[in-house]
Amino acid sequence: MFCTFCKRAAWTAIRPPHPRCKVRELPALRTFTSASRTSWSRWKHERDSSTSTPESKVPQMPTWEPIAESQLPPPTKVSPDLVDKLERLALVDFGSKEGVDCLEKAIRYADQLHVVNTDGVEPMDSVLEDRTLYLRADTVTEGERAEELLKLAKQTVEEYFVAPPGNIPLPKREERSAHSEF
Amino acid sequence: MAASSSGYSKMLFSLKIYANKLQNLYHIDTFNIIIRRIWTSGSKNQIQPKVKTRSLPQMVGVVGLEVHAQIHSRSKLFSGSHVKFMAPPNSLVSHFDASLPGTLPVLNRRCVEAAVMTGLALNCTINRKSLFDRKHYFYADMPAGYQITQQRLPIAVDGTLVYSHFEGRKRNQVLTRSVRIKQIQLEQDSGKSLHDDERSQTLIDLNRAGVGLMELVMEPDMCCGEEAAATIRELQLILQALGTCQANMAEGQLRVDANVSVHRPGDPLGVRTEVKNINSVRHLAKAIDYEIQRQMEVLQSGGKVLNETRAFDSRSGNTIPMRDKEGLQDYRFMPEPNLPPLYVYESDACVPADVDPAQVVVIDRIRAQVPELPPARRVRLVETYGILLEHSFTLVNEDGLMDYFETVVQMTKAEPRKVIGWVMKELMGNLNLQGMKVAQSPISPHALAELINLVESGHVSSSAAKQVFQEMWKVPEKTAGQIVKELDLWMINDREELWRTCQGVVDRHPEEVQIIRAGNKKVLNKLMGEVQRETKGRTDPVQVRAILEDMTL
């Protein structure tokens, strides 16, 4: 499911929208689209919909320009070794050809960020950066839920959770390709 | 490597000195080198293991430590569960600790204050803004699949830990060294896993999962196991004095991993291995020394040191490769999305007006709460009481000994130097023999003060007092005075009696008297010993010596 979604997204970013998409023009949008023509812009619906009729807040016409391939860095090729390593680290199965293609397209989509000029802009640490971190007082408020938690486990031994003896390493690439054909 | 007794190494040491003398006299180089080679391969008690070849400089060990100190707080770092050492399995676990979906971390204020206080005690720069990250790896005792830590911007950076290292044959030369601390960061602990090899399963207890840890990363400024042990001992004392960590290695409150490599000075650092599973300070020294020796042997025989993780086996004193860790781990660090940056303010004036005061951590307030640290304590002891520096180390090292000493000094008119002699030799000697702590000592400070006062006032001689001390140890209910009366250990002050006893001894040993008259004064000690034996040690050695000298010369 992830693959099909990103395939479509990747496609629409680099080429103009499909002509079958219905386009309804809102008055406020037209002025906006003329202003920003060169860079990838963030959606700013709040400003737009203040005076217009209660229509959808989602702009009906794309407000961004497609970015030419020449502006992007060279495409990244994901080697089988890297796929192996990522599968081991994230425990995600994408060893098939479609999986790797999907990943490469996703990387290409994200490459568009390189076009943005970030000179003199502080990197954002978190979207919560303007909030204060709540500090809790050092009191005991939770615990004694052993029964409740152990019920969630399939197998327990005397109030302990049971796990395999150690990390079971993923089978080697040769053995795995035999499995992932389906 | 054959195990060597201390006798063997002493013999080699004296051989080496002899060889050095020979070298100076006859310019024999090879002899010295051969002796050196035997010395290094045979002895285990060396401080700095060196391997010398004829043309290349010596290889030295490089040790860096990573210390995880469990923060002494009531609740965990990000959840409200209790922090307790022994508890029924999985009873101190909240929904967040079990990583159930829908739970979020909430930072504990005490943990932040503890980290800031530790940073201040170690002369670190406290970062006004610090960030939390996720470190991803899979292991059964970490149900979330990631650990919340601070990798990009930790709470404190660039500190120093000053420690003292005893050297010399009598370990009475004190060298002060320092280790740079790269950073101090807050992170979560993982749960505990009990390996059941018979049934091929691991039992997971999450009581420890989520407890706050301070990770102290030190630069590789140390060269051997002893230095690392001294560093950790000093760190334990500082953390215990601050109250931020109880620093008991046996209970897992202080966990140390050593990064060991070897190289020739001037060369870039060699490949390092990480040594884990170290449960005490002595094991730390042993493990590091073994690992340095092993790496030197590997390189000497032409092999390559692998970058791996090794576990220390306390029974054999060796390090063995750990099977679970395969190669270099890529932790895929990412910012923790659920926690905004942590701001710490310099002083009350810097805090913005609209922030709740219960929500802020102010560095100045914490700095005011930092108590007297061990280095300052030692200096104060030496200056106030005029005792030797090594004694101040023992006083500060042993829990409660400093208070004991100060109480005794207050209650007696004797000089602190004499009191320290009693405390070090008699009290500590007995405590160490029976493996007891100062708090368990059967002799209270008052009782000891009473005994010392008796010696000072001349009622009991010092040797008799030692006997009294041993009696008091066995039967603590009796006071010093009672025991002296019972065993009739009063000092013989009657000059007549002293004369008679000394005369008797002199009469019985005419040959010794001749030798003394001939000029050998040392035999006088033998006569004094006789007098002491006869009087059961109830005489003042100074007086006896004076009388015997009169009689024999």
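**Helix α13 and the cores of chain B**

Over residues 403–552 of chain B in this predicted model, the chain is 71% helix and 0% strand, with the end C-alpha atoms 47 Å apart.

Me: What does UniProt list for residues 403–552 of chain B?
Reply: The UniProt record, an unreviewed entry, lists these residues as "domain: Asn/Gln amidotransferase", an annotation that may be inferred rather than shown by experiment.

Me: What makes Ala480(B), Ile483(B) and Val484(B) the buried residues of helix α13?
Reply: Buried means under 20% relative accessible area, and in α13, which spans residues 480–487 of chain B, the buried residues are Ala480(B), Ile483(B) and Val484(B).

Me: Why are they said to lie on the same side of α13(B)?
Reply: They cover an arc of only 100 degrees around the axis, which puts them on the same side of the helix. An α-helix has 3.6 residues a turn, so residues three or four places apart point the same way.

Me: Which elements do the buried residues of α13(B) pack against?
Reply: They pack against α11 (445–456) and α12 (462–474) of chain B, where contact means heavy atoms within 4.5 Å.

Me: Why is the set that includes Ala480(B) and Ile483(B) called a core?
Reply: A nonpolar core is a set of buried residues of listed types, Ala and Ile among them, joined through side-chain atoms within 4.5 Å; Ala480(B) and Ile483(B), together with Met402(B) and Ile420(B), are included in a second, separate core of 41 residues.

Me: Which residues touch the most other members of the largest nonpolar core?
Reply: Of its 71 residues, they are Leu65(B), Val116(B) and Ile232(B); the residues that Ile232(B) touches include Leu65(B), Met249(B) and Val281(B).

Terms used: Residues are numbered from 1 along each chain as its sequence is written. Chains are lettered from A and ligands numbered from 1 in the order in which they are written. This is a predicted model: local features need pLDDT of at least 70, side-chain atom pairs count only at pLDDT 80 or more; totals for chains, interfaces and linings use all residues. Side-chain values use heavy atoms; hydrogens and water are left out. Buried means under 20% relative accessible area, exposed over 50%, partly exposed in between (1.4 Å probe, protein chains only). Helices (H or I, at least four residues) and strands (E, at least two) are DSSP runs, numbered from the N terminus. The arc is that of the directions from the helix axis to the C-beta atoms.
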